[in-house]
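Hello,

Here is the model I promised to pass on to you.

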Amino acid sequence: MYDPMDHLKRLVETHAPSGYEAPVAELLREEWAELVDEFDADRLGSLIGVKRATSEAKGKRKIMLAAHMDEIGLMVREIEDGFIYVHRISGIDPRVMLAQPVLVHGERALPGVVATMPPHMLTAAERKQFPPIDALVVDVGLPAEEVERLVRVGDLVTVEGPMINLKGRLVASKAMDDRCCVAVITACLELLRNMNHSWDVMAVATVQEEVGLRGATTAANHIEPDCAIALDVGFAEQPGVKTAIKLGGGPLMGIGANFHPKMVRRLQDIAAYYDIKWQADIIPARAGYDSWAIQVSRGGVPTALLGIPLRNMHSPVETLDLKDIERTGRLLAHFICALDEEFVEFLSLMPAEEA
């Protein structure tokens, strides 16, 4: 039986940095097996769950839902005296890595810690600085010769730790960016089991978003959708960050050049009809999300962006409110069920023609 909390926990506790997403794809093949009619994949590795239309429609239309399944991580660059030095795989902030538990993916998974210099051994100037990524050292506690045998340059290093249940309905973990949005797609597919829709739904867990929106590019070219909704996280208010975006305030809705204004309008209308709270995420120019790659694929795809408010982004304790996942999944499902052939014509009309 589907349990949203357990599903999210399994997703975020899986280790799969950019370029090495296979463990999450395997998990999703199990989790989505009863929710989609078939699976597909592009040659880069993005997983595509295909849920066919439940009603006959004139011509087959496709909507693409896209959330990236990769996470930020580290890669072994050097081993010296049994200690492991690392490269960044996109997005790792060395400020938050000191003293973190990690997993080194060598010949076998090795638990380790990122070493930290005791303050007693630092100069006054050093205490005011954060070490660069090249200075981070992982200690797995084994003799040097055993580390040399079990670990190679190029092996992965990921943050280790369980998802934490906070008060209310807040949870914190690594990899919420963007597996919480993969969980949104799952929530949407669960709802669609008991709903009718006339468009095929292409549920995509994309790869390599953190290193250049690569999976969204290849998946959109492979699918050729009639429209698309990308899903990602956005910056919520937290100490030191003042923004109108709140945890528990409902899904974020991208507004700007990257997002088709009529897709945005229809989402807003659906949200109003079903009394779903949402929050504006103003992105005037190019968005650094899968939505950009999808929008400009082939001849162009009408695209929208929905997001989950997140605190502590790109850290081991990314924090969100589970209510926002549920609301976003519900908004997606109702939007999909409202799609018809006329919506394609609606998207193609210019404002003057519409009037």
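Below are my notes on helices, backbone geometry, pockets and cysteines.

First, the ground rules: this is a predicted model, so local features need pLDDT of at least 70 and side-chain atom pairs count only at pLDDT 80 or more, while totals for chains, interfaces and linings use all residues. Residues are numbered from 1 along each chain as its sequence is written, and side-chain values use heavy atoms, with hydrogens and water left out.

**Helices**

Helices and strands are DSSP runs numbered from the N terminus (H or I, at least four residues, for helices; E, at least two, for strands). Helix 8 covers residues 322-337, and its 16 residues reach 23 Å from first C-alpha to last, close to the 22 Å expected. The expected span is 1.5 Å times one less than the number of residues. Twelve of the 16 residues are buried, so helix 8 is largely enclosed by the rest of the structure. Buried here means under 20% relative accessible area, exposed means over 50%, and partly exposed is in between (1.4 Å probe, protein chains only). Among the buried residues of helix 8 are Asp-324, Arg-327 and His-334, along with Leu-331, Leu-332 and Phe-335. At the start of helix 8, a side-chain oxygen of Asp-321 comes to within 2.9 Å of the backbone nitrogen of Lys-323.

Helix 6 (residues 261-273) has 13 residues and reaches 18 Å, close to the expected 18 Å. Its buried residues are Lys-262, Met-263, Val-264, Leu-267, Ile-270 and Ala-271.

**Backbone geometry**

Most residues other than glycine have a negative phi, and most peptide bonds are trans. Which places are worth a look with that in mind?

- Asp-275 has a positive phi near 55 degrees; it sits in the loop between helix 6 and strand 15 (279-282) and is exposed, with a relative accessible area of 67%.
- Ser-90 also is not a glycine, and its phi is positive at about 60 degrees; Ser-90 belongs to the loop between strand 5 (83-89) and strand 6 (101-105).
- Asp-177 and Asp-178 are joined by a cis peptide bond, with omega about 15 degrees, and Asp-178 is in helix 4 (residues 176-192).

**Pockets**

On a 1 Å grid over the protein atoms alone, a pocket is an open set of points where a 1.4 Å probe fits, with protein on both sides within 12 Å along at least five of seven lines; lining residues have an atom within 4 Å of a point. The largest pocket holds about 450 Å³ of space. Of its 15 lining residues, Leu-98, Met-117, Leu-122, Pro-131 and Ala-135 lie nearest the centre. By class, the lining of the largest pocket has eleven nonpolar, two polar and two charged residues.

The second largest pocket has a volume of about 220 Å³. Its lining has 13 residues, with Met-1, Tyr-2, Glu-30, Glu-31 and Glu-190 nearest the centre. Helix 1 (4-13), helix 2 (22-31) and helix 4 each give two or more residues to that lining, which by class has four nonpolar, two polar and seven charged residues.

**Cysteines**

Cys-181 is buried at 0% relative accessibility, and Cys-227 is buried with a relative accessible area of 0%.

Best wishes

Notes. A polar contact is a pair of N or O atoms within 3.5 Å; within protein, one must be able to donate a hydrogen and the other to accept it, and residues adjacent in sequence count only if both atoms are side-chain atoms. Grid points are joined across faces, edges and corners, and a volume is the space filled by probe spheres set on the points. Ala, Val, Leu, Ile, Met, Phe, Trp, Tyr, Cys and Pro count as nonpolar, Asp, Glu, Lys and Arg as charged, and the others, Gly among them, as polar.
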